[in-house]
Amino acid sequence: MKRKISGLVMVILMLFTAKAISVAEVNPPQVGGVFPEIELLKPDNPAELKYLGLSGSGSFRINQIKADVVIIEIFSMYCPYCQGEAPSINNLFTLIESNPAYKNKIKIIGIGINNSLFETNIFKKKYKIEFPLIPDGDFKLHKIIGEVRTPYFVVMKLKGGKTEVIYSKLGALGDNKTFIEQIVKSSGIK
Amino acid sequence: MKKKIILAALIICFFTSSAYALSEAYKKNIYNPGDLKPVDSLLKVKVGQAAPDLTLKAVSGKIISLKDYYGKKNVVISFVPAAWTPVCSDQWPGYNIVKDIFESHDTILLGIAVDNIPTLYSWTNQMGKLWFEVLSDFWPHGAVADKFGVLRSDGVSERALFVIDKKGIIRYIDVHNINQRPPLEKLIRELEKLN
């Protein structure tokens, strides 16, 4: 009986420790830091796969995207602010894709927090979004990146398989041209 | 066996939390009540029954009755527990961008909360212009929620969805875990069945 109780106490202590560690790890990405290694669902759209420089199905990591710089928009189709920002992010995408100096070097993806694929597809269709939107239906990624509010933008430089965060901020990006100049300068791409 | 059950319960308690993705649209004005008992009421209606009629004042100033839609439109009623709380604040804005899907199924949406009109006005203003009516079930407090059997013991409603067809018959009920948002695809599938 005594052994059974002490076993249970041990388990409770382990759970407390595990919980404390999981809480302590929750922090938004920091500029200068490394973006957490997260597994994302590959888009099933061939054009989007090609845009990211990927093939096949399953999951991928950010450092596998064929680009020098990756912009991640953390959003939700249920977020009114994200809905309002959608046209501006589309404009950012157009500015990048229409400039030969940035096209193929800077890529954008959206991660839909607590959104199913059905829901990210609704958002995509509603706002005619051309870059890939990846669902995070179970908050798995949201927890890893610090449970940020939406929309949240993270920009990272990819080099040698590493992902260095060069921008990490809650809320609208502001003027898109100024934003592009800022990330081009921070990333050192030419 | 008993030990295994205790262990399972402990693990669930420690690692189940009501995560939510909160829009910056609400700034820091959202009150987080924490994890609540998933369901805290007993349904008084069931699928196949006639829906109880309701008449409530909307934020728009209109007086809305369920019977106004009989023979004309299918109706989805979305009860949300409380204004200015996390999950509720990120539910109706999603419905706000799928007006076309509702319309394609000849369906309108009524949002209902037990908060008063001024509170609902301030809160829903943060969501942008809503295409659907938001009704206040404030006084007699929660009377409509109670008719459906979704009034919780603390005076807020459940997070519940009711699909009512043009004949006024309840076709679908989802009294959802209050800590989680109901998946949109499930609701849309139910609307598809109405055709």
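Reply: Happy to. Contact here means heavy atoms within 4.5 Å. Please keep in mind that this is a predicted model.

With that cut-off, A:Phe118, A:Glu119 and A:Ile122 of helix H4(A) meet B:Leu184, B:Glu185, B:Ile188 and B:Arg189 of H7(B). Sorted by class, this contact has four nonpolar and three charged residues, and no polar ones. An α-helix has 3.6 residues a turn, so residues three or four places apart point the same way.

Which residues of H4(A) are buried? They are A:Glu119, A:Thr120, A:Ile122, A:Phe123 and A:Lys124. Two of the names from the contact, A:Glu119 and A:Ile122, return in that list. Just after the helix, A:Lys128 takes a positive phi of about 50 degrees.

Chain A has six helices and seven strands, and from the N terminus on its elements run α-β-α-β-β-α-β-α-β-α-β-β-α. Of its 190 residues, 48% count as buried.

Five of the strands form an open, mixed sheet in the order S5-S4-S3-S6-S7. Strands S5 (133–136) and S7 (162–170) stand at the edges with a single partner strand each, so one side of each has no neighbour in the sheet. On average, neighbouring strands are turned by 25 degrees against each other, direction ignored.

Within this sheet, S3 (residues 69–75) and S4 (residues 106–113) of chain A run parallel and are joined by seven bridges. A:Phe75 stands opposite A:Gly112 in S4(A).

Two helices of chain A pack on the sheet. Helix H3 (residues 80–97) touches S3, S4 and strand S6 (152–159), and its direction makes about 160 degrees with that of S4(A). Helix H6 (residues 176–187) touches S3, S4, S6 and S7, and its direction makes about 150 degrees with that of S7(A).

To finish with the chain as a whole: among contacts in chain A between residues at least 6 apart in sequence, 65% join residues at least 24 apart. The accessible surface of chain A comes to about 9600 Å², and 57% of this belongs to carbon and sulfur atoms.

Key. Residues numbered from 1 in each chain as written. Chains lettered and ligands numbered in written order. Predicted model: local features only at pLDDT ≥ 70, side-chain atom pairs only at ≥ 80, totals over all residues. Heavy atoms only, no water. Pairing = 2+ DSSP bridges. Helix = DSSP H or I, 4+ residues; strand = E, 2+ residues; numbered from the N terminus. Axes fitted to C-alpha atoms, helices over the stretch in contact; angles between N-to-C directions. Nonpolar A, V, L, I, M, F, W, Y, C, P; charged D, E, K, R; others polar. Buried < 20%, exposed > 50% of the residue type's maximum accessible area, 1.4 Å probe, protein only. Areas by Shrake-Rupley, 256 points an atom, 1.4 Å probe, with all protein chains shown as cover.
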